Amino acid sequence: MINRGEFDRAETSAERMLAVAEATFGTDDPAIVPSLTTLGMIFQQTGRLADAERVLRRALEIARRPDAGEGTLAEVLNRLGNVLSDDGRLKEAEATIREAIEIGGRLQGPSMLAISLNNLGHILTALRRFEEADAVYRRAVDLVGDDAVVAAAMPANLAVQLMGQKRYEEAERLLLKSVAAWDAMKDPVVVAKATALLNLGRLYYETGRRDEASATFARVTGLLDQGFPANHPLRAYLLQNLSQIAFDGFDLPEAERRAREAVAVAEEALPPSKFEVADQYEALAQATLLQGKWDEAIHAARRAVEILSADVNKGKADKDDWDLLSLVEIVASEGIQAADPVNAMTKVVEARRSAFINLQRHAATDTGGVLAAAAARAEVGGEELAALVREKDGVLEKLRGVEAAFVSVSAGVSEPASRQASLRDLRSQSERLRERLDAIDAKLLADFPRYVDLAGAQPVPAERVIAMLAEDEILLLPVIMEGSLMTFAYGRGGGLYAWGRSPADAAELPRLAAALLCQASRNMNPACAGATLDRGREAGQPGEARGVVAFKSSTAGDIYDLDAAHRAYSLMVPPNLRELIAGKRLIIAPSPELLGFPWHLLVTRPPAQGWAGGGNDLAAVYRNAAWLFREHPSITVVPGLAGLDGARRSPPTAATGARRYLGVADPEIGRTDAEREADPAPCRPSPSAPTLLAAARSAAVVGPLFADVSGEAAGLADVAAVRRQPRLDDSRCEVEATAATVSAEGAATLLLGADATEARIKAMDASGDLRTYGILHFATHGLVGGEFGQAEPGLLLTPPASASESDDGVLTAREIAALDLDAEWVILSACNTAAGSRSDAEALAGLARSFFYAGARSLLVSAWPVYSQAATRFTTSVFATLAAQPGITRGEAVVVAMRQMLAESTSPETAHPAYWAPFLLVGDAGR
């Protein structure tokens, strides 16, 4: 009956069976467990999750009796795990299924283990841990054996997680295989067959095959009409898809009708916070919007937002959700204003500010979350809070490792006894870690509720943004959305938005941003196609050059495209926003695709025609270009408004305000003994036109820095390889000149040569001394994660005689995050410090994120490999400006330094942005 979807009859029969079993065996005998699990399965499949959990909890208590048998216990755990998963309680579900997996490996026959692995894969997919899900799903498929029902279900489950990764061809093959298996059965499990068909129809829809989707959904309708309850959850999913097809066919009344039916079913059949219920409201918002039912569209959109924002759904909503909900509110606000321009402004403003909140969710970055948590920690303060937060992070890191190991062992094919011992130990570790996490969370909530509230990186309402801004500041939130561009601008007087509705423009902007970033670096950025960074030495060049890059005369391929830079500006800052932002200090909170873009290199006016012609003086062209930084006193990037909001609520401490300065430079490295032992370079003025050669602060590595070794040295740097990196002896000049400019305001400490060690920095941290510095300045080689054998980014320092956990010559991102800083400003005058830790990571996801986590309020980072000589000139100019003009902000000093370097350029090489423009100010620019 269950297989055929006859749930009313099945429920009556199951209750009768349970009553008979209880009368025969008693109410706590293992013999009644099958009846309880059957009844729990019926409740689950008809959407009554609370009833299902109640019944299965009772079954679990009985199944834990020694005489119940491990097979019975594993079955109950699997059923309960599925119910918890359906209820959105994924962490509880995961822990429950892990116990079932451990038991399944001890049982005779592979089916129970296959079912448990399949269930874990479903949970991992919901958690978007796709790589782990893939591993356990594939292992489950291998274990199926002769169980026809399990064999039919497994491919469809794997297909769902492949669809989540847009691996549609693989997913389609698996879904077709599953459907064929169900079709071949005399008595298939109708719920499973309908689910497979529903996912197949969705795949057809997402790949643009609407006719095939409609035909497949018609098959699902036929199955559900064979006795399924009117409020079965599958009906809600089916109706939502039918609404979407009607919407795409411009049959808006039908789309609305189907969406309303879907909402009604979902609200009755599913928990109110269930992620999928938001899909039904999104469909209703779309359908009502295009019929001009403005208030209904906004109501549906906000109901979807409430669901997607619930704690249980954190991390599940994707950018498409926030795109749609933002646009619903914007379009509805325009419709309301057009219908009643005099009396509707309150509703209009409310709708647009609600869209501003959703766009922040769309633009959310990992680094922004870290910055918000660090700002919350700083605002609430206290050693006890800091210790709890750091302990929690350590426990979370260990838990991630244990859970990944559990998946790896579960999906492996090692000897059964060894595997079971490993799984038992890993599950025990996981339980202890989760208990400690629960205890930490409970204490944080009880003792530091303000921190818990602030650390969640929640979007900042427009009212608070307006209040946090100075009179001369403007906040820009530019977002790339599928099919459109949106830029919000807020100042103390209110806000405006611009919406570009061209899909071609929306697709063009990321390409422009990537191309301009590579042009700005003269393709020195390793992420650029055809990167030209030469880590060798050109014959005949001066022997004192270090980490050299060819710095030859410009060619056509080296030109920074001013026309493209103006086009990008026109897309991101449309005409209706320009009067509002004119002359103001800009704070830019972009979506992840634009986070690492050098915003100061946008061009506000078209360059003269033929500017790139062979007869033109490129140096003069660059000097006279209408760069964005010429028109604004400062330009600052923030990876999320929550962090900026927190930083401005938490003023610097007295120690930070004293501007104590720590400079780290010229580590004791070099490609030869002579280079390492030579005297430091003299601090002399830069030559006016270094047209042939310049030093770059990127490691000139021959072979990996991190050897693949085992034992105690595993994961440590090869100190001999670190010691052979090019010396940067002119970096002393940079930190010495900077120290001289700040010494009047606070004490300066320099770690140079043999003192520039990882051990020294960690000792300062352990003593609390590191926290007393308001400015930290690292002028050394920077490593991008994954580039030179290391998994994460880092800073090169003086290596020890032998590597240890405390010192291997590389201060990695993880070690930086473990420091305790209270720094107003960290300057990373090194190579490509804005880069992520992987080639596919968002900008600022590497060193920058680690320094934010450690407690930095703002960073000066580089968007590409920097010329050592230019970096020295730039940073010394920034601090000289700050010393000469005490009232100036960090952001303004950065702009002044760029203007000076560009004005003093005398050749196309020194006037090119690669030389003077690599640095970005990230975080709070100061007031």
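Which residues are exposed on the other side of helix 32? They are A766 and S767; exposed means over 50% relative accessible area, buried under 20% (1.4 Å probe, protein chains only).

The model is predicted: local features need pLDDT of at least 70, side-chain atom pairs count only at pLDDT 80 or more, and totals for chains, interfaces and linings use all residues. Residues are numbered from 1 along each chain as its sequence is written, and side-chain values use heavy atoms, without hydrogens and water.

**Stop one: helix 32**

Select residues 758-767. Helices here are DSSP runs of H or I with at least four residues, strands runs of E with at least two, numbered from the N terminus. Color E758, I761, M764 and D765, the buried residues. Look down the axis: these residues fall within an arc of 130 degrees, so they line one face of helix 32. The arc is taken from the directions from the helix axis to the C-beta atoms.

Now show what they pack against: strands 7 (661-667), 9 (748-753), 10 (775-779) and 13 (810-812), plus helix 33 (813-817). Contact means heavy atoms within 4.5 Å. Then click G768, which follows helix 32 and has a positive phi, near 90 degrees.

**Stop two: helices 8 and 9**

Select 148-164 and 168-184. The two axes, lines fitted to C-alpha atoms over the stretch in contact, come within 8 Å and cross at roughly 155 degrees. Angles run from 0 to 180 degrees between N-to-C directions. That makes helix 8 roughly antiparallel to helix 9, a term for angles over 145 degrees. Show side chains at the contact, including L158 and L162 of helix 8 and L174 and W182 of helix 9.

Conventions:
Parallel < 35°, antiparallel > 145°, perpendicular 65-115°, else oblique.
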